[in-house]
Each structure stands twice: as structure tokens, then as C-alpha cells.
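Here is a friendly walk through one protein model, from its overall make-up down to single residues. Please keep the viewer open as you read.

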Amino acid sequence: MASEEASLRALESLMTEFFHNCTTNERKREIEELLNNFAQQIGAWRFCLYFLSSTRNDYVMMYSLTVFENLINKMWLGVPSQDKMEIRSCLPKLLLAHHKTLPYFIRNKLCKVIVDIGRQDWPMFYHDFFTNILQLIQSPVTTPLGLIMLKTTSEELACPREDLSVARKEELRKLLLDQVQTVLGLLTGILESIWDKHSVTAATPPPSPSSGESGGDLLSSLLQSPSAAKLLNQPIPILDTESEYICSLALECLAHLFSWIPLSASITPSLLTTIFHFARFGCDTRARKMSSVNGSSQNSVLGQERGRLGILAMSCINELMSKNCVPMEFEEYLLRMFQQTFYLLQKITKENNAHTVKSRLEELDESYIEKFTDFLRLFVSVHLRRIESYSQFPVVEFLALLFKYTFHQPTHEGYFSCLDIWTLFLDYLTSKIKSRLADKEAVFNRYEDALVLLLTEVLNRIQFRYNQAQLEELDDETLDDDQQTEWQRYLRQSLEVVAKVMELLPTHAFSTLFPVLQDNLEVYLGLQQFVVTSGTGHRLNITAENDCRRLHCSLRDLSSLLQAVGRLAEYFIGDVFAARFNDALTVVERLVKVTLYGSQIKLYNIETAVPSVLKPDLIDVHAQSLAALQAYSHWLAQFYSEVHRQNPEQFISLVSTALEAITPLISSKVQEKLLLSACHLLVSLATTVRPVFLIRIPAVQKVFNRITDTSAQRLPDKAQVLVCRALSNVLLLPWPNLPESEQQWAVRSTNHASLISALTREYRHLKSSAILPQRKVRLEDTKVIIHQTLSILEDTVESISGESTKSRQICYQSLQESVQVSLALFPAFIHQSDVTDEMLSFFLTLFQGLRVQMGVPFTEQIIQTFLNMFTREQLAESILHEGSTGCRVVEKFLKILQVVVQEPGQVFKPFLPSIISLCMEQVYPIIAERSSPDVKAELFELLFQVLHHNWRYFFKSSVLASVQRGIAEEQMENEAQFSAIMQAFGQSFLQPDIHLFKQNLFYLETLNTKQKLYHKKIFRTTMLFQFVNVLLQVLVHKSHDLLQEEIGIAIYNMASVDFDSFYSAFLTEFLASCDGVDSNQKNVLGRNFKMDRDLPSFTQNVHRLVNDLRYYRLCNDSLPPGTVKL
């Protein structure tokens, strides 16, 4: 034994040294190598067995267990059966002897190692594996240990990792399913007996009627049997620590078992009731009270433990709830589960003298509340439609409880989660009403009161008037991943609920919201009387701190309510326009009045007593009133089309007044937030409403003059672009409700030309100077001019790209000179990638929107210029040396070519050879070997479009050939280019970029669906099985596991072209070429691949083949050298 003893001492000192903070990384690597070499030796496990029984050093024990784990999971096949028997008998004995004294993490690891042996050997060689676990559970001394073993078995055997063959995985699941009933019975027994043993029914007097614990009407309606109600009203027992521990282990086991066993009769009513008893621990505030009163730390730990039992029980319930597939016989159990959970919900939200609901919820564990909310979400999203039809389930009362629960949430996150549940419920109601038009009224009547209450409360929650303390806590500075602040998210989620209620109950929603808006508007419109003129300008004469605070709250509320009114605009248009006309008119009139008022008394420039607070408030209200009015632009457009013939005075007055409110704000002196709101409203009036008289309104003419006046200070970029878009659209877009003859195109065309001419004056002058070498300062100025002009022109083209031919014609006439200037400037700036980027953006927009108007000769000239400029050297410089901007330039160039190759007809066909050669001979070689995904996605999209839209460039299909299918094979042209493209696709599947892989697989599948790619002779005979081979290898290497399903389907589609060859030739060749498996294993793999020809069975066979191939390789790698395999 001396050698074992000596080894142990040496190992202990090595471990201590390894984890010592003075040990260098170099030395740690040496020790690691030493330990790995020791573990690889045959028979190392004997030493480890000795170490485990003789050391108290945690590191040594952990290391020894890792050696066993490695032996069992990777080398078990090669271990002599005598040794296996010894290990199978020694490790459980060791566990039994030391489980009380081992640290918990060592004990759990030892359990896992024993379960790993069971995973390999039960029931054939380790027949008492499971019986031992059941015995451990049944013996009071070892119950906790048995439960840990059971949970580990459920984790490791029910959903095993892939180091098992598919057949073994199926066998294990079947073996476990056979044991489920016994196991659930045992667990029920344990939980029931502990509950009963500690129950205090006899000792406690019944609660007095006044305390409200006697159940109430709702409870008796929920729980049909009085005995169940009585049971649930029993006080919660007080458990000792050991019982508490056993219960938590049992509940953890149940939660894991429920995650994979199907819903069936094995889950008995008594088990469900027991789980619910334990769920009550979570809503028992007394336990936590007691611990805080007694003050001892042990008691507070006890309180937390009891809360944890509640959380574990809710986890079990949620596992069952999340299963969508419910057998008929289980539906009744579900109903009972809901009834019991709603009893808990009632308990949580009960108000009594000592507690408000909110303070009750604050006392509960946060995780318990989270689990409870999860339960409610699952109930509404998965089961509500199933349960609602039960007459004995009181849905309306449930909503009342959910209402209380929602509006007393102690945290914002909790409140958001509950709003999500209401959104699910409202979606469910909306779709139910749409699908059941017959009893629509009955549904409305049933839920109307609940919805009105919900609406009122959600509106109150977004107002400082009712909810200041909570709203003040919300952060309105930091942006989250969705680019919104916490306050914006809060408001947006609340308004979504308001909008969904509006969709269901429009008149109620409007009559609830409008008076509240009106109240706050009165305050805002009344500010005029407090504006006084001072030496420096206007001042708001409200100075008392209390008044300022009240004004701040009122302005914040007004801003939120304006957003709410804007959000509801969509419910006043379309079929309901006439029915809801008066309400909408009232809103729009108010909004127009408010925007004009804000602009006239210039509240955005006013001095206030608390400028840091009130000034942003006033600006925000003004901006929101413009945005809300903008939301009604579709309503205004419909109003215009209804009244333009008879009496349009009211409409004209609304639009003119809105424009009077907008024009004073279009100035570089106005804060950007407000300026942009005004610009957006102007764009909507010009684009969506399009009144014929817009151009004649003095306010609009004023804006024209301001924008075309070079001496006026330029607006910030964004605003400048928006205003130019609005003015261009006023002139370009056809007027609604008027025939072509009355569109006045001639005048509008002249005006548009002069507008664009004024906007591009400086840019067009660049043409003469661009040829000269640029000085540094000059270059920067030139870049600014190019940026400013092209952003306006690009936006102008984009905004009319979907419009009538006439609009696009006029647009191109006005732009023609600037486009030619751009083309002339392009070569001069080819080495300035930031400028090239903007120019190509502009050309891309032109190609997408105006290629017909540009005409063939000029388009050819543009393409030829680009093809000449983007030489191999220029492409390499852009992609390799100019970083992301350079890559963006090439991507935009490829995007332009995508537009070109998609053009129907013969016009651009002559460019195909040079486009393909640019792709395959110039771009592809540069990017093929780079790991970076830049440019690749665009290049492959271009290649796909080349094939998809120009199929006949490669396959000349004659009518005769298609009639005599199978006799005449299609003629193939440009074969070399086709093969090169296909090879590039094949290569892309060998690269790690998963997005590119997914995109290219989709492209091949699309070409197959649309053009029968896989059936073409060239593909079938020279490429088909190369692709199948690559895709199978990808599955075996697990490099793109997220796409398993898509890859399986693609393999099926390819193989189905010629199943006979796949089964007779390809599969055999594929297996023959597989290394790391012997011939016997290859035969088994081949035999297991059934010759199925339907998609589900075939893909199942593919995944089985891949799994088992990996498994065999794993086994073979772990055999000791020189092992003879039979």
C-alpha cells in the first residue's frame, strides 16, 4: 500500500500547489499535463478508489471522480468486465458509507458517476441500478440520497447527451417510462406523509368569520367540493429542517420528471393536490413575519426555505402547464389545477385590515411572484380557450383577481409581465370575436366591464396625477437594446393595451380617454395668461415651487395622453370613418388648436422659473401635439376624399391652420426635437393628404423661399432632408380625387426643376473643379457639399419610387444634370471610400426607383463606368485595406448589379458575362479565403439572382424538349460559369459563418423549387452527391447545429432526385470513406438507415446515422491502444 499512500500524498501536495495563488501559469500547465497523463493510464481507477476512501482533500476527491467520469463515459467499452463489476460494486458502497460526511458537491458528483454507469449498463449488466435507488428513497435514513440519485437519473437518462446510440437512447427512455408510475407514487407518498405528520389541524380553532379566511363565495364557486376548500384553508404546517430538505428534493425531482413525461393518468389528483399544498408555502407571509419578529438568523433562513418550497412547487405546476398537448382524460385534472391555483391567487390578493394587497405582494419572495406570473401567462396563452368553455370556471372572476394582481405588483418588471398577460388576453378576445360573429354581443357583454376597468387603470398608471411616486422612479435617460428608455418602454407597453381595448370597445375607450386629455389641455391652454413680457423676451410667471411641480406633472401627463390619442388614430379610419367621424373631428380640431397655440406664443422659447424641468416639458408637449396630429394624416386624407366635391371649407381650414403652426418652427433656432416633429408633420401632409391647394398656401410658399435661399442658415441635416422631401412631394405626387387632365403637370414640372436646381447649385459647380488636384481644406468642403446634396437627392428619389410613371418622369428630368455630374465625379473620388459609399447609395436608389426613366443608353454608361472603375486592384484595396466603409462600397456596387440582373427583357442581358466574370474572377478570389462575412452575403445574393432571373442564359429550354420530357436533355450553355458558381456555393458550406450557410442553403432550395436545379443533368451527374456529402459532414461535425432541420430537408430534396443511386451507391461510398469506424460498425450504420422515401422518416434516418456515427467514433477513440475488437 505504500505506493498508493505515497501517490496520495504526492497528489495532495500537487493539488494544493495547483490552487495556490502564487503558482505560475507555466507550473499549472505542467501539473495539468502530469494529472492528465496519470488519468490516461490503464488501471488508474484503482488508485482513485483508494484516494476517495482515504483522503479528506476536496480537490483530490474531485480529481478522482473526474478520472472515473472519463473512464465511464469515454473508455467503458475497453474496460475488462471483471473491473467493471468491481467499480459497480465499490462506488455505491463508498457513497453509502460516506454520503453524510462528504461535501455536497462531491456527493453529487459521485451520484452522477454512478448514474453514468447505469446509463451504460442498466439493466443488462447493472440490473439492480434502479431498484437500489427506489430502496434508498424508501429507507428513511437515505431518503435524501435516493432523491438526489433519482433527479440525476432523470437528468442524465431521459434526455441523454449524444454519447449514446439512438437505439440506446430510445431503450433508456422506455425503461424510465416503465418506472414513472412507481416513482410518482413514491414521491406523492413522501410529500403527503410529511405534510400530514406536521399538520396542525387538531390543535387550531377554526378561523373567525370576520377574519375573511373562511373561503368566500369565489372559493366555493371555484372548488366545487366544500372538502377541497376546507383542505386548502388548513393552516400551513411548520416543518423541521430535515423534512423541509426532503420536500425540496422531492419537488425538484417532480419538476424534472414533468419536463419530459407525457401528461397521463400517472399524474394523480392526490399528487396534484399535494403539490398545491406546497405551493401555498410561497404565499404564506406569516413564515417570513415570524422570522423577522424573532430576529434570529436561523428563523429567517427557515422563512426563506419555506418560501423556496413554494417556488419549487410552482415550478412543477408550470412544467405541467407548458404542455400544449392535453389528452382528453387529463382535462379534468387541468381544471382542478386552475381552480387550486386561483385559490392561491385569491389568497395572495386578499385585502384585510392589516395589509394592502401591495404590501402583501412585497412580502412574498420575488421568485415566487415570477413563477406565479409565469403560471398566469401560460394559463392565458395555452389553456384559456380550452377552459373558458367550462361553465363551472368563472373567467370574469379570474380576470378580477388578475386585475388586482397586476395593479399591485411591487416592481416595474412584474407590472410589465402582467401587462403582457393582458395583451395576450386581449389578442385572444379579438380573434375570438372575429371568428364568432354570431354571438359577438354575448362575448362583449361578458367582458365589457372588465375591459373598461382595465383601460381606466392603465391610463391612471401612466399619469403623474395618480402615480407620481412610481413614475418618478423610471429612468428616462439610458437607452436599452431597443433604443428606448425605461419610461418610453413603460408608456409604449401601456398604450398598446389601451389600443387593444380601443379596438374592441371604441366608444367606451374614447369617452374614457378624451375627458382626461381635455382636463390637461385646459391647464396648458391656460398658460397664456401667465406669460409676461420681460426685458429679454417672454417669461412664464409661475414661480411658487408647488405650482411648478403641479405644472410639471400636468405637462408630463398631457404629453403621454397626446401619445395615447395618436396611437388610437387607426381606429377612426376605413369602414368606421363615418360612424366615428364626430369623435375624430373633435380630436383633430383640438390638436390643430393646440399646435397653433404652442407656435404662436412660442412656449418653446419662454423663460421659466425651473428651466431644467419646465422647458423640456413645454417642448415635449408641443412636439407630441404635432406628432399626434401627424398620426391623423390618414384620417385627414379620407376626410379630403369625402368632402372635396361639396363643402371642403372645414377641411381647408384644418390644413391651413396646421401649416400656420408648422412654418414658424422650421428654423435652425428651434430645438431639434420640435423641429423634426414639425418636419414630419409637413411630410405627412404633403405625402399622405396631398391637398391640391397646398402649394398656394402662403405658409408653404414661405418654406419654399427659405429652403431655396442660399443666404438663409441651413437646417440640421435630418430636418433639411425632410423639408426638401415634403416640398418635392408637393410638386411630384398626383393629387387625389382629380383626373389626369387637371393635374397641372407642366407648371409643377417647371417648379420642381427650379427647386432641385436651387438645391444642387453648389454640387453642379463641382464638376468643373473636381478634375483639379484637391487641397486638403478644399477636399473637406467638397465632401460636405457632396454629402448634403446626395442625401437630399437620394431621399427625393426614394420617396417617389413607388409612385406613378409621371411623377418619376418629372423627378428624373429635374435630377438629370445632377446624376450626370455624379457620374463624372465618381472616378475622381474612387479612392475616397466615404464619398464613393454615398455616391453608390445614390446610384443604387436611382436604379431601384428610376431605371426606366434613365433609359437604356445612360444606364449602360453607368454600369460600364462602374465595371471599369472596380478593377481587381481597386476591389482588393476596398475590401482588404479600407475596413468596413470599403466593404460597404463593394456591397453597394453588388446591390446595383443585383437590380440590373433582375431586370426582365433583353436590355441588360449583354452585361451578364462581364458581371459573372467580375463576381467569379475578381470579387470571389479576394473574399473566398477570408473568414470575415463582409461582402459574401451580397455576392452570393447576386449570384443567386443571376441564376434565378437568367436561367435561360445557362439552360436553353426548347418547347419540344419540355414536351418530350426525358427524351431530349436540355442544352447547356456557359457550363464553365455555371459550374464555378455552384462550386462557390459548395465552398461556402465549409465555412463557419452560419448566416451565410443558411442564406445559401435557402438559395439552392429556391432554385430547386422554381427551376428544378437538382434535376438538371449537370447537377445530377457531377455535383449532387458532392453537396449531399458536404451537408452530411456538416451535421457530423456539429458546426451548424442550429440549422439541423434545414440541412436534413435539403439532403432529402437532393437524395429524392435519385433515391436508387442514393441507397445503392452514395450511402455505401459515404460510409466507406468515414474514418474512425470499423467495417462492422459501418455495416450496422448502413443497415439502420431504412430505405424510406418520405421526408419525416428519411430525415429521422439521417439524424440517426449522424448520431450513431459520432457515437461509434467516440467509443473507438476511447479504447486502449491495441484493443482487439470482435
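## Ground rules

This is a predicted model, in which local features need pLDDT of at least 70 and side-chain atom pairs count only at pLDDT 80 or more, while totals for chains, interfaces and linings use all residues. Residues are numbered from 1 along each chain as its sequence is written, and side-chain values use heavy atoms, with hydrogens and water left out.

## The whole protein

Of the 1126 residues in the protein, 53% are buried. Here buried means under 20% relative accessible area, exposed means over 50%, and partly exposed is in between, using a 1.4 Å probe and protein chains only. Among contacts (heavy atoms within 4.5 Å) with a separation of 6 or more, 75% are between residues 24 or more positions apart.

## Two nonpolar cores

A nonpolar core is a set of buried Ala, Val, Leu, Ile, Met, Phe, Trp, Tyr and Cys residues joined through side-chain atoms within 4.5 Å. The largest one holds 264 residues, and Phe68, Leu91 and Trp635 touch the most other members. Helix 9 (residues 166-198) gives the most to this core, with 12 residues.

Which residues does Trp635 contact, leaving aside its neighbours within four places in sequence? They are Phe572, Ile573, Phe577, Phe581, Ala584, Leu585 and Val588. A second, separate core has 131 residues, including Phe826, Leu912, Met982 and Leu996.

## A helix pair

Two packed helices are described by the angle between their axes and the distance between the axes. Helix 48 (residues 1024-1037) packs against helix 50 (residues 1059-1073) at an angle of about 50°, and the axes are 11 Å apart. Helix 48 is therefore oblique to helix 50. On this scale, angles under 35 degrees are roughly parallel, over 145 roughly antiparallel, 65 to 115 roughly perpendicular, and the rest oblique. The axes are lines fitted to C-alpha atoms, for helices over the stretch in contact, and the angles run from 0 to 180 degrees between N-to-C directions.

The crossing of helix 48 past helix 50 is right-handed, a term for the near helix being turned clockwise from the far one by less than a right angle, with anticlockwise being left-handed. On the helix 48 side, the contact is made by Phe1025, Val1028, Asn1029, Leu1032 and Gln1033, and on the helix 50 side by Ser1061, Phe1062, Phe1066 and Phe1070.

## Salt bridges

The whole structure contains 41 salt bridges, each a side-chain nitrogen of Lys or Arg within 4 Å of a carboxyl oxygen of Asp or Glu. Arg9 takes part in one with Glu5, where the closest N and O atoms are 2.8 Å apart. These two residues sit 4 residues apart in helix 1 (residues 2-18), so about one helical turn separates them. Arg9 also pairs with Glu12, again in a salt bridge, at 2.8 Å from N to O. Arg9 and Glu12 are 3 residues apart in helix 1, about one turn of the helix. Arg9 is partly exposed at 42% relative accessible area, and Glu5 is partly exposed at 30%, whereas Glu12 is buried at 17%.

Lys112 and Glu69 form another salt bridge, with 2.9 Å between the closest N and O atoms. This pair links distant parts of the chain, 43 residues apart: Lys112 is in helix 6 (residues 104-121) and Glu69 in helix 4 (residues 58-74). Lys112 is buried at 17% relative accessibility, and Glu69 is buried at 15%. Glu69 and Lys112 belong to a salt-bridge network with Lys109, Asp116 and Arg119.

## Two single residues

Is His552 buried or exposed? His552 is buried, with a relative accessible area of 14%, and its place is in helix 25 (residues 545-567). Not counting residues up to four places away in sequence, His552 touches Glu472, Val613, Leu614 and Asp617.

Ile695 lies in the loop between helix 30 (672-689) and helix 31 (698-708), and is partly exposed at 23% relative accessibility. Ile695 and Val730 are 35 residues apart in sequence, with their C-alpha atoms 6.9 Å apart in space. With residues up to four places away in sequence not counted, Ile695 touches Gln701, Phe704, Val730 and Leu731.
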